[in-house]
Amino acid sequence: MKEMLEKIKAEAAAKLGEENADLEAIRVQYLGKKGELTQVLRGMGQLSAEERPVVGQMANEVRAYIENLIEEKKASAASAAMAKKLLDETVDVTMPVEPITVGSRHPLSQVQTELEDIFIGLGFEIVEGPEVEYDYYNFQALNIPENHPARDTQDTFYITDNILLRSQTSPMQIRAMEQKKPPLRIISPGRVYRSDAVDATHSPLFHQLEGLVVDKGITMGDLKGTLELFAKKMFGDDTKIRFRPHHFPFTEPSAEVDVSCFVCGGKGCSLCKGEGWIEILGAGMVHPNVLRGCGIDPEVYSGFAFGLGIERIVMRKYNIDDMRLLYENDVRFLKQLG
Amino acid sequence: MNLSRNWLADFVDVSDIENKAYCDRMTDTGSKVEGFEVLAEDIENVVVGRILAIAKHENSDHLQICSVDVGEDAPVQIVTGAQNIFEGAVIPVAKAYSKLPGGVTIKPGKLRGVESNGMLCSIGELGLTTHDMPTAIEDGIFIMDASLEEKIGTDIREVLMLSDSVVEFEITPNRPDCLSVIGLARETAASFDRALNIPTPKVTEVGGDIADYLKVKIDAPELCPRYTARVVKNVKIEPSPLWMRMRLRAAGVRPINNIVDITNYVMLEYGQPMHAFDYACIDGSAITVRTAAEGENFKSLDDKDHVLDTGMLVIADDKKAVALAGVMGGANSEITENTKTVVFESANFYGASIRITSRKLGMRTESSGRFEKGLDRENTFAALERACELVNLLGAGEVVSGIVDVYPGKKDATVIKLEPERINKFLGINASEQFMRDTLKKLDFTLDGDMVTVPSFREDVEGMQDLAEEVVRIYGYNEIESTGISGNMTQGQRSVSQNFEVGLHKLLLGIGLDEICTFSFISPKYYDKICLPADSAKRNSIVIKNPLGEDTSVMRTTALPSIMEVLARNANFSNEKVGLYEIATTYTPTDTEGGKLPDERKVLTLGFYGRGDFFTLKQMCETVAKYARVKVEYVRDSENPSYHPGRCANILLADGTRLGTMGQIHPAAAANYDMDMPVFVAEIDIPTLFANRGAEPEYKHLPKFPASSRDFSFVCDEALEVGAIEKVMYHSGVKLLEDVKLVDIYRGVQVGEGKKSVTFRIILRSADRTLTVEEADKAAKKILGNMERQLGITIRQ
């Protein structure tokens with residue numbers, strides 16, 4: 001019987017070694033209820049008591065051997081099948097695709113939001129106001145009475161004699177001071193209108209951001225400090241600012257504010273026209289007449305205000321040479337910057 | 001204001017300071033410099049010469065060979081084509097290797113075989129005109145005064161006084177005093193801490209009495225606070241001297257004749273516009289400063305006719321206006337070469353009135369530009385004296401004794417208390433009181449103890465803040481130390497509605513739409529393009545009185561045309577699959593004539609072509625509604641003229657409030673934009689969306705028990721909207737009903753013409769148990785019963 005077992009073992013191993021061996025058939029042939037090994041075991045009764053455990057053990061070993069072999073074969077067949085499947089599923093990773101469509105924020109909004117976030121971080125609130133505005137808020141309350149020559153510098157669109165399209169965001173200073181009492185820290189972004197024909201650097205409609213701080217003990221140094229912080233956040237930590245005396249009817253003293261060129265850092269380049277500086281802001285200490293007109297006592301309170309043009313920053317930031325692109329809304333342009 | 005540095009040197013010595021350093025410091029102290037120009041910089045190696053001999057050129061019938069003395073050992077030979085030369089003529093000579101304006105270099109060469117070592121110059125070649133050099137001719141060599149013979153060999157720039165530097169200032173409207181050489185000299189002296197020397201003009205009179213010539217009456221003292229005048233007789237009109245012409249030229253003013261040049265010279269030097277008129281042209285001997293009669297005619301000295309009104313101020317004799325006060329003189333009293341007696345006027349006029357007049361008549365002059373800013377009343381006298389001093393100096397005439405000075409509007413000087421501590425605190429600096437006092441003195445403020453008297457030419461200075469500015473601009477703006485705002489803390493934040501918009505932007509970008517930015521003003525024709533009927537209320541727009549053009553003449557009441565323009569433009573650029581949005585403002589008039597501002601409302605417009613259909617648009621609207629946590633309904637609107645009558649819906653809130661409109665743009669409207677593809681747009685009112693937004697969500701337990709579902713198919717008329725069926729299901733009073741889903745719509749022969757089969761799945765669930773079959777069936781039956789009762793439709797067999 002031992003020979004028979006040896007033979008079964010060898011035969012099974014040989015069969016299992018064949019390519020495309022039918023594992024289930026082999027299992028049935030040798031290990032099934034009527035299988036060859038089972039047949040051998042059935043004949044065990046004829047053996048002597050001494051032989052029986054020896055052959056039994058041997059038969060179990062053969063069974064385990066074949067079972068193992070079948071499992072191994074199964075596993076390797078499965079992994080071969082998997083490998084084949086994976087191979088079949090191979091894709092060309094260099095195939096081109098379109099990115100998932102996500103919209104692009106308009107560059108003006110993008111920069112406006114960036115500016116807003118900087119000032120929110122400095123404790124400013126955002127206020128909004130009407131674009132179709134009273135002459136009073138746009139001019140008179142800002143210390144620009146009728147027939148004041150300063151009105152010439154901003155050619156204004158009129159609706160009626162005393163209603164106009166605001167030529168600056170400054171009317172919001174007045175509205176804010178009328179509505180709230182100090183301490184005040186507000187910014188007011190929005191559209192403004194001036195009678196400038198459209199060209200590469202002018203538009204009858206553009207965007208400004210106005211800032212106003214009123215409290216006890218506000219100094220011109222505070223104005224400088226605030227704008228310096230802003231400039232560093234907006235244009236980088238190395239940015240410097242420069243104040244030049246100027247005149248605005250609603251601030252006294254007034255200043256024009258330059259930032260060091262964010263391309264060349266002040267050495268002079270084509271962006272800053274060799275100056276090293278770029279004019280970006282108008283600012284000053286709120287004029288006592290303006291405070292008084294809003295019921296705020298200039299003997300007790302002081303404040304500063306500043307304003308900047310958003311288009312100018314957008315154009316510098318993205319190196320845009322024609323303002324009209326911003327209002328044309330060609331999606332090829334928008335997608336480049338979004 | 002163009003400042004000649006030669007002229008400046010009359011009053012303050014800053015000759016040691018280079019142009020660049022001068023300009024930088026002046027800008028830093030508040031007189032903004034636009035740039036500077038070194039005059040005659042491009043002229044080099046051009047000298048005074050004298051023609052010694054002229055010989056004919058053998059190979060030319062128009063060229064001549066000159067032997068020219070240029071102050072060197074030997075004469076130079078120069079070939080010229082000019083015909084106005086003669087032996088002994090003193091002329092400008094551009095020597096070999098010299099430079100002339102316009103980048104011209106003169107090199108030695110041969111002209112038809114004859115050596116020529118330079119060029120004889122015309123005034124044009126030196127960059128001059130006959131206004132600058134009245135004795136010269138345009139077309140020929142500049143024959144100079146024979147007396148210059150002794151200057152042979154001298155640099156032409158020196159001889160013609162061409163060398164100067166001109167600094168261009170941008171003077172702000174609050175500082176009309178700086179529209180003058182003296183004003184800028186004062187700023188210069190303070191900026192560089194130099195001595196300022198303004199001589200008092202001295203006039204030599206010849207006797208007589210001005211009273212015999214002229215009486216002046218001011219009828220409108222509020223418009224003419226001061227009128228000062230002098231008379232000059234035996235006037236000899238001729239060109240003014242070279243030095244004066246060259247200074248005027250540097251300042252950008254064209255020389256005319258001695259009398260006119262004097263008025264311009266004084267205006268530039270003192271900042272006080274002057275007027276000179278011919279005494280012979282005055283009817284009677286009285287001058288009246290009065291307002292014009294309504295419709296009065298006036299011809300200005302540039303020969304233009306004007307019709308005046310009663311708001312305008314004129315200088316008149318007994319019969320007629322001889323000048324439009326502060327703006328321009330009249331043609332009827334203009335200085336001519338025959339003028340013998342001149343009246344010099346130096347007056348002060350009310351700025352706002354001059355401004356109105358010059359704007360109304362469209363006449364902006366050097367004079368009106370200064371007057372309208374409000375000039376110094378005290379300055380008229382000194383300016384008049386200076387003019388007459390120049391008359392003496394130039395020998396232009398004889399000054400009659402006496403001055404007319406009518407001064408009804410004398411003002412008290414402004415006096416302000418000097419509060420050094422307060423100024424330092426306001427500015428955030430630490431300047432000494434002495435520095436403040438010194439600075440103010442340099443700027444011609446007078447100090448008496450703590451009281452500061454403001455000079456009459458500084459009407460802009462009214463209080464502490466103004467004094468602070470004077471101090472700090474000399475102290476240096478850039479010396480102010482940056483500080484953080486101290487005091488009360490404030491919360492930096494966006495408002496709830498602003499945050500709502502920020503979120504909305506993110507959402508819209510997330511669903512793949514690009515943001516656009518469009519103009520708020522449109523053409524009224526845009527309403528035609530979106531097919532608004534002629535009587536549509538939406539056409540009632542805020543109209544701009546002075547628009548740039550029709551395209552930007554009214555404020556939009558709807559943002560639909562704006563997004564349509566952009567969609568069309570992109571289609572025109574062949575951009576495919578375009579989806580856009582804008583949170584745009586619209587402007588609806590309330591009562592403009594009654595002085596009310598319009599209703600400014602933000603509206604979300606979103607639109608696309610080439611990337612979906614009506615239902616894509618509806619998905620986008622649903623996404624927006626979900627963002628705001630509002631439940632909306634879509635109700636067909638076949639009346640909206642801008643939209644496809646079968647593919648347009650109003651978006652309504654549960655209470656019927658209209659939130660917006662969405663749909664396919666009417667093909668007729670699309671065609672107005674040259675678009676033949678389907679275009680889809682939604683307009684959603686932002687304030688309504690925001691006001692009706694749902695509350696912050698709250699967690700509800702996730703279902704613990706499974707749902708049961710039942711599918712039903714109904715056959716119904718095509719016209720029955722699925723929304724109606726859904727609504728009946730939801731309102732069947734079945735508490736277990738969790739959701740209704742449209743599964744399928746089938747149209748075909750089996751269901752018949754004009755019919756459709758719709759399949760719904762209802763989802764039933766209880767929060768506390770698994771539903772039994774009986775419970776689910778009972779609920780379904782109830783729903784079906786409702787369907788039959790309310791809609792007359794039954795389950796498809």
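**Figure 1. Chain A, with its 12 helices and nine strands.** Helices here are DSSP runs of H or I with at least four residues, strands are E runs of at least two, and both are numbered from the N terminus. This is a predicted model, where local features need pLDDT of at least 70, side-chain atom pairs count only at pLDDT 80 or more, and totals for chains, interfaces and linings use all residues. Residues are numbered from 1 along each chain as its sequence is written, while chains are lettered from A and ligands numbered from 1 in the order in which they are written. Chain A has a radius of gyration of 43 Å, well over the 20 Å that the globule rule gives for 338 residues, so it is more spread out than a compact globule. (That radius is taken over C-alpha atoms, and the rule is 2.2 Å times the number of residues to the power 0.38.) The C-alpha trace of chain A spans about 130 × 45 × 45 Å along its principal axes.

**Figure 2. Chain B, with 20 helices and 39 strands.** For 797 residues the globule rule gives 28 Å, but the radius of gyration of chain B is 42 Å, well over that, so chain B is more spread out than a compact globule. Its C-alpha trace runs to about 130 × 80 × 60 Å along the principal axes. Of the 797 residues, 40% count as buried, meaning that 20 or more other C-beta atoms lie within 10 Å of a residue's own; 12 or fewer makes it exposed, anything in between partly exposed, with C-beta atoms placed from the backbone.

**Figure 3. Where chain B touches chain A.** The contact takes 76 residues from chain B and 71 residues from chain A; two residues are in contact if their C-beta atoms, placed from the backbone, lie within 7 Å. Helix 12 of chain B gives the largest share of the chain B side, six residues. By class, the chain B side divides into 28 nonpolar, 32 polar and 16 charged residues. (Nonpolar covers Ala, Val, Leu, Ile, Met, Phe, Trp, Tyr, Cys and Pro; charged covers Asp, Glu, Lys and Arg; the others, Gly among them, are polar.)

**Figure 4. The buried residues of helix 10 of chain B.** B:Ile423, B:Phe426 and B:Leu427 are the ones to look for. Seen down the helix axis, the buried residues fall within an arc of 90 degrees, so they line one face of helix 10 of chain B; the arc is that of the directions from the helix axis to the C-beta atoms. Their cover includes helix 8 (220-235) and strand 9 (302-309) of chain A, together with helix 11 (433-442) and helix 12 of chain B. After helix 10 of chain B comes B:Gly428, whose phi is positive, near 75 degrees.

**Figure 5. Helix 13 of chain B against helix 16 (residues 614-628) of chain B.** Their axes come within 11 Å and cross at roughly 150 degrees. (Axes are lines fitted to C-alpha atoms, for helices over the stretch in contact, and angles run from 0 to 180 degrees between N-to-C directions.) B:Gly503, B:Leu504 and B:Leu507 of helix 13 of chain B meet B:Thr623, B:Val624 and B:Tyr627 of helix 16 of chain B.

**Figure 6. B:His505, in helix 13 of chain B.** B:His505 counts as partly exposed because it has 19 C-beta neighbours inside 10 Å. Leaving aside neighbours within four places in sequence, B:His505 is in contact with A:Arg105 and B:Glu515. B:Tyr581 is 76 residues away along the chain, yet its C-alpha atom is 9.1 Å from that of B:His505.
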